[in-house]
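Have the sequence and the 3D view open as you read.

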Amino acid sequence: MVPMRFDISHSQAMIRDQFMTVAYEMQRPSAIFKPALTADGDSWCALLGADLQTGIAGFGDTPEEAMAAFDKAFRTKRTPNATRKIRAIERETGETILPP
């Protein structure tokens, strides 16, 4: 009688994919910093900070969209001072660095 062999390569690939998905989700700014999630009229707001002027916020029709918008804002938002410096460089060089 020949012993049966099991091929677990598909299961290994699925477990690896699941692990990578979880690792990515745990690295999102919304997972690390846990912004406050509140209803704002007809949409949701994810806010990290005291208010919209000094904090980082994301808005969406669902909590998931608000958190995704927060992640994008977290990665792209600059302080007002940094934005002024970049605009000054743009005026000096004539190059566009930031979108209008």
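A residue counts as buried when its relative accessible area is under 20%, as exposed when that area is over 50%, and as partly exposed in between. One thing to keep in mind: this is a predicted model.

Is Ser-43 buried or exposed? Its relative accessible area is 19%, and buried means under 20%, so Ser-43 is buried. Ser-43 sits in strand S2, which covers residues 43–48. Setting aside neighbours within four places in sequence, Ser-43 is in contact with Thr-38, Phe-59 and Gly-60.

| Residue | Relative accessible area | Class |
|---|---|---|
| Phe-70 | 0% | buried |
| Ser-43 | 19% | buried |
| Ala-13 | 23% | partly exposed |
| Ile-8 | 48% | partly exposed |

Now for the core. Which residues make up the largest nonpolar core? There are 6 residues in it: Ala-46, Ile-56, Ala-66, Met-67, Phe-70 and Ala-73. Helix H3 (residues 63–76) gives the most to this core, with 4 residues. On helices in general, an α-helix has 3.6 residues a turn, so residues three or four places apart point the same way.

Not counting residues up to four places away in sequence, Phe-70 touches Pro-29, Ser-30, Pro-35, Ala-46, Leu-48, Ile-56, Ala-57 and Gly-58. Take Ile-56 from that list: Phe-70 and Ile-56 are 14 residues apart in sequence and 7.0 Å apart in space, C-alpha to C-alpha.

Over to the surface. Met-4, Phe-6 and Ile-8 make a nonpolar surface patch of about 420 Å². Ile-8 belongs to the segment before H1, and at a relative accessible area of 48% it is partly exposed, because exposed means over 50%.

Helix H1 itself runs over residues 9–27 and includes Ala-13. Ala-13 is partly exposed, as its relative accessibility is 23%. If you want a pair to click on, Ala-13 and Lys-72 are 59 residues apart in sequence and 29 Å apart in space, C-alpha to C-alpha.

Last stop, helix H4 (residues 80–93). H4 has 14 residues and reaches 20 Å from its first C-alpha to its last, close to the 20 Å expected at 1.5 Å a residue. Just after H4 comes Gly-94, with a positive phi of about 80°.

Methods:
Residues are numbered from 1 along each chain as its sequence is written. This is a predicted model: local features need pLDDT of at least 70, side-chain atom pairs count only at pLDDT 80 or more; totals for chains, interfaces and linings use all residues. Side-chain values use heavy atoms; hydrogens and water are left out. A nonpolar core is a set of buried Ala, Val, Leu, Ile, Met, Phe, Trp, Tyr and Cys residues joined through side-chain atoms within 4.5 Å. Buried means under 20% relative accessible area, exposed over 50%, partly exposed in between (1.4 Å probe, protein chains only). Helices (H or I, at least four residues) and strands (E, at least two) are DSSP runs, numbered from the N terminus. Contact means heavy atoms within 4.5 Å. Patches are made of residues with over 30% relative accessible area and no salt bridge: like charges are joined within 9 Å, nonpolar side chains (Val, Leu, Ile, Met, Phe, Trp, Tyr) within 5 Å. Accessible areas come from the Shrake-Rupley method with a 1.4 Å probe; for residues, only the protein chains shown count as cover. A salt bridge is a side-chain nitrogen of Lys or Arg within 4 Å of a carboxyl oxygen of Asp or Glu. The expected span of a helix is 1.5 Å times one less than its number of residues.
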